Amino acid sequence: MSTRVRLSLNVNGRRYAVQVPPMKRLLDVLREDCGLTGSKEGCGEGECGACSVLMNGASVCSCLVSAAQAEGVKIVTVEGLAKGKTLSRLQQSFIDHGAAQCGICTPGMLITSVELLERSRGRVPSDPEVREALAGNLCRCTGYQKIVDAVRAAAKPVVRRAAAKPAARRAAPRRAKPAVARRKAVAPRRKTAPRRKAAR
Amino acid sequence: MKSALSTLELLRPRTLDEALKHMITFERPTPLAGGTDLFVYLNAGTQPHGRYLDLSRLAELRQVLVAKSSITIGGGVTFREIREHAEIRRRFPSLAAAAAEVGAWQIQNRATIAGNIANASPAGDSLPVLLAHDATVHVRSVRRAREVAMADLYVGYRKLAIEPDELVTAVTLASPPRRSRGFFRKVGTRRAQSISKVVFAGVLAAKPGGEVTHVRLAFGSMAATPARAKGAEQALLGKRLTAGTVAAARAALEGDFTPIDDVRSEADYRRTVAGNVLEQFLRPLIS
């Protein structure tokens, strides 16, 4: 007796036409029907925030939203944050600060941080403000401080690049390289992190 | 996906009238708004009902009406909207404070005030605030529109004094008397994202340096329903606030509730913390 409905979802600026049971969770629609597996399922009860996506700019747990309720709403998942191969400042900042370890919480952390930065409108949120905003995103690896630092750094005005005009033009393509290099540097640390098993 | 969810039906009315008509059908649907409580049960497989009614699109439920001596908040207004609303922050700061402590951002962005009311958890964060502000709950069915005093709404554990075909559409909070002081405190296992062990809202007005003229003390997680501490209120009303009357109120509070041991806390802890938060509210008001 499974009744399916046709829904047109706007995810990361793209239209996805799906045919799903109306009470299917947005999280499952994103992962299974849209092929966007960046959003994770941690707890399935709105505690951990690993499934966070933006609905019209507001971070929500996609495991608590029905597919039908997501129609007519602008949805942004972690896949929508980078522009092509260029990571957003926030994503880059997470890498630069070592704010990602096992990575399960990272998509949700990024998504809720996007809402925070949007709400802060260029002001650098204080440490407690970041912690309050991210209270619904649990991380078992980092101890949070690096995440808080990464979010705050991403909110700071860009000084380096604005300083020299001609260099700024070259800065964009060059940015990708150190990003890759740094990501590699993070990877082995991830494998050897002894705390990971204990945290599970 | 959670396989059980694939069999569920979802009705998606465009207007409140349409929604109310669904509530008198033979297979009565379960109302769904933000889903932050309901989907927890659905995901856990403990919510068997087959039909749901999506209220999240009803514009009628999303208004905040500001009047001179009250404020009426549509049932579909989210806690995010409540915590950010300028008039609510100014005139009902304890409601804004409670809204800011419901779950975390992800929950506040979806959860609605009518959901908190209708879900009827004894731990509902906003409910003591509504009690402390003599709130009136607006209820509608195809038959009639009526109002139920918040104080009469809960008749037992998760039992509401409303009919099965009625929907909670709004709630009105009365402005507290002038120069009154309000207070909200939620105590949980951690500061954010926790369910309360004790949640308290108070409103108190006194003549300058004189006796208490108005007092509301409401607690959650202390009984099967959120409730006012009538004994403690009586111990204060008409008296001057002194260390002595505060102690008397705390003593009277012991008789107001018989908290229980459960997964979240213990009766002893609850009793002690309830007394502590009451004093935390009252002590700074001693002139």
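Trainee: How do the residues of the lining of the largest cavity divide into nonpolar, polar and charged?

Mentor: Good place to begin, and keep in mind that this is a predicted model. The lining consists of Met222(B), Arg250(B), Leu253(B), Glu254(B), Phe257(B), Pro259(B), Arg271(B), Ala274(B) and Gly275(B). Gly counts as polar here. The lining therefore divides into five nonpolar, one polar and three charged.

Trainee: Which elements give two or more residues to the lining of the largest cavity?

Mentor: Look at the lining again: Arg250(B), Leu253(B) and Glu254(B) are among its residues, and so are Arg271(B), Ala274(B) and Gly275(B). Two helices of chain B supply them, and the elements asked for are α11 (243-256) and α12 (267-282).

Trainee: What volume does the largest cavity have?

Mentor: A search of the whole structure turns up two cavities of 30 Å³ or more. The largest of them has a volume of about 40 Å³.

Trainee: Are α11(B) and α12(B) roughly parallel or antiparallel to each other?

Mentor: Their axes lie 10 Å apart, and the packing angle is about 150°. Angles over 145 degrees count as roughly antiparallel. The two helices are therefore roughly antiparallel.

Trainee: How many residues of the contact of α11(B) with α12(B) are charged?

Mentor: On the α11(B) side, Val246(B), Ala249(B), Arg250(B), Leu253(B) and Glu254(B) make the contact, while the α12(B) side includes Arg271(B) and Glu279(B). Arg and Glu count as charged. Beside six nonpolar and three polar residues, the number of charged ones is four.

Trainee: Over in chain A, what does the angle make α3(A) relative to α5(A)?

Mentor: The axes of α3 (residues 106-120) and α5 (residues 145-155) of chain A come within 11 Å and cross at roughly 40°. That angle makes α3(A), relative to α5(A), oblique.

Trainee: Which residues of α5(A) make that contact?

Mentor: From α3(A) come Met109(A), Ser113(A), Leu116(A) and Leu117(A). The contact residues divide into seven nonpolar, one polar and no charged. On the α5(A) side they are Ile147(A), Val151(A), Ala154(A) and Ala155(A).

Trainee: Which residues in α2(A) meet α5(A)?

Mentor: The axes of α2 (residues 89-96) of chain A and α5(A) come within 8 Å and cross at roughly 140°, which makes α2(A) oblique to α5(A). In α5(A), Ile147(A), Ala150(A), Val151(A), Ala153(A) and Ala154(A) take part. Their partners in α2(A) are Arg89(A), Leu90(A), Ser93(A) and Phe94(A).

Technical notes
Residues are numbered from 1 along each chain as its sequence is written. Chains are lettered from A and ligands numbered from 1 in the order in which they are written. This is a predicted model: local features need pLDDT of at least 70, side-chain atom pairs count only at pLDDT 80 or more; totals for chains, interfaces and linings use all residues. Side-chain values use heavy atoms; hydrogens and water are left out. On a 1 Å grid over the protein atoms alone, a cavity is a set of points where a 1.4 Å probe fits but cannot get out, and a pocket is an open set with protein on both sides within 12 Å along at least five of seven lines; lining residues have an atom within 4 Å of a point. Grid points are joined across faces, edges and corners, and a volume is the space filled by probe spheres set on the points. Helices (H or I, at least four residues) and strands (E, at least two) are DSSP runs, numbered from the N terminus. Axes are lines fitted to C-alpha atoms, for helices over the stretch in contact, and angles run from 0 to 180 degrees between N-to-C directions. Angles under 35 degrees count as roughly parallel, over 145 as roughly antiparallel, 65 to 115 as roughly perpendicular and the rest as oblique. Contact means heavy atoms within 4.5 Å.
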